Amino acid sequence: NRGEGKVLSFMSFNKKRGELYDFSEPTFSFKYPVFVRADKVDEFDTSNITGKRIAVKNGGFPRTIIETLHPEAEVVFIDNPLDGFRKLLRNEVDGVVEDELVGYTILEKNNFHSIRATANRLASKTGHIAIVKGNPELVQQVNRALRILKENGKFDEISDEWSGEKTFILKKSTIRFIVVPALVVIFLLMVLGGVIYVVKMRRTNLLLRSSEKALLKSESIANS
């Protein structure tokens with residue numbers, strides 16, 4: 001706005017921003033679930049959050065989501081998602097609305113393992129490159145560059161690198177469902193291996209005894 005730059009990446013579109021900037025074609029997609037305590041994630045109903053204390057940043061799309069789609073919620077303003085997660089761990093709020101990737105990145109960085117995102121998302125939105133008003137040629141150049149990157153596969157490479165490692169969450173019951181059968185299979189394989197070993201040893205001993213008997217018989221015949 002001060003004329004010190006012409007392009008800003010990772011901005012979602014809204015009417016107010018549309019008055020200030022022109023926008024490129026979509027780049028990344030942002031998904032907004034509710035981050036809640038892990039022991040309550042299965043029972044948390046994102047379609048009805050009446051009376052729930054939901055933490056959102058003072059400015060940004062999460063606030064718009066709650067105020068527009070869920071006015072029944074009790075909004076708690078926070079300075080940043082980390083502040084919201086800390087409030088959640090202290091039971092000062094019931095949930096935090098934040099972009100899924102951003103939220104999990106913060107959780108992983110701070111070793112917060114008892115917070116999970118709901119499977120159902122409140123909303124999703126595409127990201128764009130914002131360009132200062134009055135530069136139609138620059139908008140065309142940016143869009144042309146995006147199309148080239150998408151066509152040659154470079155955009156996917158950038159997306160994967162930017163996204164980092166994917167986070168997968170398993171319930172304890174699911175872990176038990178996977179681990180217990182795996183342990184049983186390992187145990188059975190060990191037993192089977194032991195049985196095979198014993199059978200082989202017995203066969204080896206029988207062969208040795210047969211060889212010894214044959215050798216003794218040969219010696220006896222030779223002596224006679």
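User: Is Phe 23 buried or exposed?
Analyst: In this predicted model, Phe 23 is buried, with a relative accessible area of 16%.

User: Why does that count as buried?
Analyst: The cut-off for buried is under 20% relative accessible area, so 16% puts Phe 23 in that class. Phe 13 has 43% and is partly exposed.

User: How many aromatic pairs are there?
Analyst: The structure holds 6. In one of them, the ring centres of Phe 13 and Phe 23 are 5.1 Å apart and the planes stand at 85°, so that pair is edge-to-face. Phe 13 sits in the loop between S1 and H1, and Phe 23 in S2.

User: Which residues make up the aromatic cluster with Phe 13?
Analyst: Phe 13, Tyr 21 and Phe 23.

User: What about Phe 28 and Phe 155, stacked or edge-to-face?
Analyst: Stacked, at 5.3 Å between centres and 25° between planes. Phe 28 is in the loop between S2 and S3 and Phe 155 is in H6, 127 residues apart. Both Phe 28 and Phe 155 are buried.

User: Which residue lies over the face of Phe 155?
Analyst: Lys 150, at 5.2 Å from the ring centre.

User: Switching to the core. Which residues touch the most other members of the largest one?
Analyst: Ile 54, Ile 66 and Val 97, out of 24 residues. H5 gives the largest share, 4 residues.

User: What does Val 97 touch?
Analyst: Leaving out residues up to four places away in sequence, its contacts include Tyr 32, Ile 54, Ile 66 and Leu 122.

User: And how do S5 and S6 run, parallel or antiparallel?
Analyst: Parallel, joined by 5 bridges. Arg 53 has Glu 74 in S6 as its bridge partner. With H2, strands S5 and S6 make a right-handed β-α-β unit.

Terms used
Residues numbered from 1 in each chain as written. Predicted model: local features only at pLDDT ≥ 70, side-chain atom pairs only at ≥ 80, totals over all residues. Heavy atoms only, no water. Pairing = 2+ DSSP bridges. Helix = DSSP H or I, 4+ residues; strand = E, 2+ residues; numbered from the N terminus. Right-handed = clockwise from strand over helix to strand, strands pointing away. Core = buried A, V, L, I, M, F, W, Y, C linked by side-chain atoms within 4.5 Å. Buried < 20%, exposed > 50% of the residue type's maximum accessible area, 1.4 Å probe, protein only. Contact = heavy atoms within 4.5 Å. Phe/Tyr/Trp six-rings, centres within 6.5 Å; stacked < 30°, edge-to-face > 60°. Lys NZ or Arg CZ within 6 Å of the ring centre and 35° of its normal.
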